[in-house]
Each structure stands twice: as C-alpha cells, then as structure tokens.
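Here is my note on the model. Please read the points with the coordinates open.

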Amino acid sequence: MTFLKRSVWTLYWKGIVAKLSLDSRVALQLSPGPCRYFDEPVDVKVTGLPPEQYVEVRSKLIDSRNVSFKALATFCSDKNGHIDLARCPSLGGSYSGIEAMGLFTSMRPLVPHSRLTKRDVSTPLSVDIEVTCNGLVVAKDTVQRRFLGDGVQKVPLEGGSIRGSLFLPPGESL
C-alpha cells in the first residue's frame, strides 16, 4: 500500500512540474524595472504558481574576471500562488528567513576566495534570476545593476605611483 501511495504522489508531483513547465502564467517580476543602480533594492516576486508550491529561486552573475557568483533560496508559494521575497521567508539555500535582497547579498563565488571584480563601471552588471521547480526552469529574467548615473564623467587621475578615478556629476567640469 505504501508503494502505491508513493507512485500516486510521484505521478501527482510530476503532473504539477509538467503543468508548471508548460504553463505561461508563471511570471517573475523584477521591479521597479530591469535596470537599477547597484546600491538600490530590487523587488523580486513570482506569480502564477499553484498554491503551496515549493520552488527554488536562483541568482547568478559573471564578473569582469569571468568568475561566476551564485545564490539560491527555497520558497513555498502562498495560497494565491505568489512569492514576494520581501515578505516570504526562504526555507533554505544560501540564506534563510525574510531578506528582500537575499539573492543578491548572499551570492558566493564558485571559485573559492574570489572577490567580485568590475573593471568597467560604465557598463552594468547582469544578474540572471530564475525560478525552478524540480530542476525545471519555469520563469527567468535578467536585471541590470548599474554603477554610474547618466551623464557622470569618469576622469582618470595619476600622480607618481598613485592611480585613481574622479567621478564628476552631470554639468560639472575640472
């Protein structure tokens, strides 16, 4: 009898996964938009899931030295099939508990002892976010994390053995 219950549960579970992978109602929402400054919060929400569905939400970026940084968290959707990272606790993964920016702040390099490197601050850093259920990607999107505001000028500085950069706001000059 236990074998029969497991078989029925497995078929039910596979049916949910198959439905999720084919269902276009599952949506990943990154707001307020696809491009944010690096120090500004990003709201991450998932909608269109079945009620009380367990999913993994993953983040990944590749820095200037081609080192990958990743984070993941497991969530359970509410009775409406929604997950809001600012309100729903992570049940495990790279962090646990409620942390709205946890997918960004808990990223770790795949190469041990590496630090995030961004050589050209005039271009944004792309962070890929994906929602997976039982290993299948059901939703994904990318957010651009900018470092430099529009119109900001970068002026290289050198003096002896010291090098640096001066960032001037729009309309300012030396």
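1. Ground rules. Two strands pair if DSSP finds at least two bridges between them. Helices (H or I, at least four residues) and strands (E, at least two) are DSSP runs, numbered from the N terminus. The model is predicted: local features need pLDDT of at least 70, side-chain atom pairs count only at pLDDT 80 or more, and totals for chains, interfaces and linings use all residues. Residues are numbered from 1 along each chain as its sequence is written, and side-chain values use heavy atoms, with hydrogens and water left out.

2. Overall make-up. The protein has two helices and eleven strands. Their order from the N terminus is α-β-β-β-β-β-β-α-β-β-β-β-β. Of its 174 residues, 33% count as buried (under 20% relative accessible area; exposed is over 50%, partly exposed in between; 1.4 Å probe, protein chains only).

3. Contact range. Contact means heavy atoms within 4.5 Å. Take the contacts between residues at least 6 apart in sequence: 50% join residues at least 24 apart.

4. The β4-β5 hairpin. Strand β4 (residues 54-62) and strand β5 (residues 68-76) run antiparallel and are joined by nine bridges. Serine 59 faces alanine 71 of β5 across the pairing. Five residues separate the two strands of the hairpin. In the turn, asparagine 66 has a positive phi of about 70°.

5. The faces of β4. In a regular strand the side chains alternate between the two faces of the sheet. In β4 the covered face holds Val55, Val57, Ser59 and Leu61. The uncovered face holds Tyr54, Glu56, Arg58, Lys60 and Ile62.

6. The other partner of β4. Six bridges link β4 to β8, again in the antiparallel sense. Leucine 61 sits opposite valine 127 in β8. Threonine 132 also belongs to β8 (residues 125-133). Threonine 132 is buried, at 4% relative accessibility. Beyond its neighbours within four places in sequence, threonine 132 contacts Val55, Glu56, Arg58 and Val137.

7. The three-stranded sheet. An open sheet has the order β1-β3-β6, with antiparallel pairing. Its edge strands, β1 (27-31) and β6 (83-84), each pair on one side only. Five bridges connect β1 to β3 (residues 43-47). Leucine 28 is opposite valine 46 of β3.

8. Valine 26 lies in the loop between α1 (2-22) and β1. Valine 26 counts as buried at 8% relative accessibility. The C-alpha atoms of valine 26 and lysine 140 are 9.7 Å apart, across 114 residues of sequence.

9. Aromatic pair. Rings of Phe, Tyr and Trp (its six-membered ring) pair if their centres lie within 6.5 Å; planes under 30 degrees apart count as stacked, over 60 as edge-to-face and the rest as tilted. How many aromatic pairs does this rule give? The count is one. The ring centres of phenylalanine 38 and phenylalanine 147 are 4.8 Å apart and the planes are at 20°, so the pair is stacked. Phenylalanine 38 is in the loop between β2 (35-37) and β3, and phenylalanine 147 in the loop between β9 and β10, so the pair ties together parts 109 residues apart in sequence. Phenylalanine 38 is partly exposed at 35%, and phenylalanine 147 is partly exposed at 31%.
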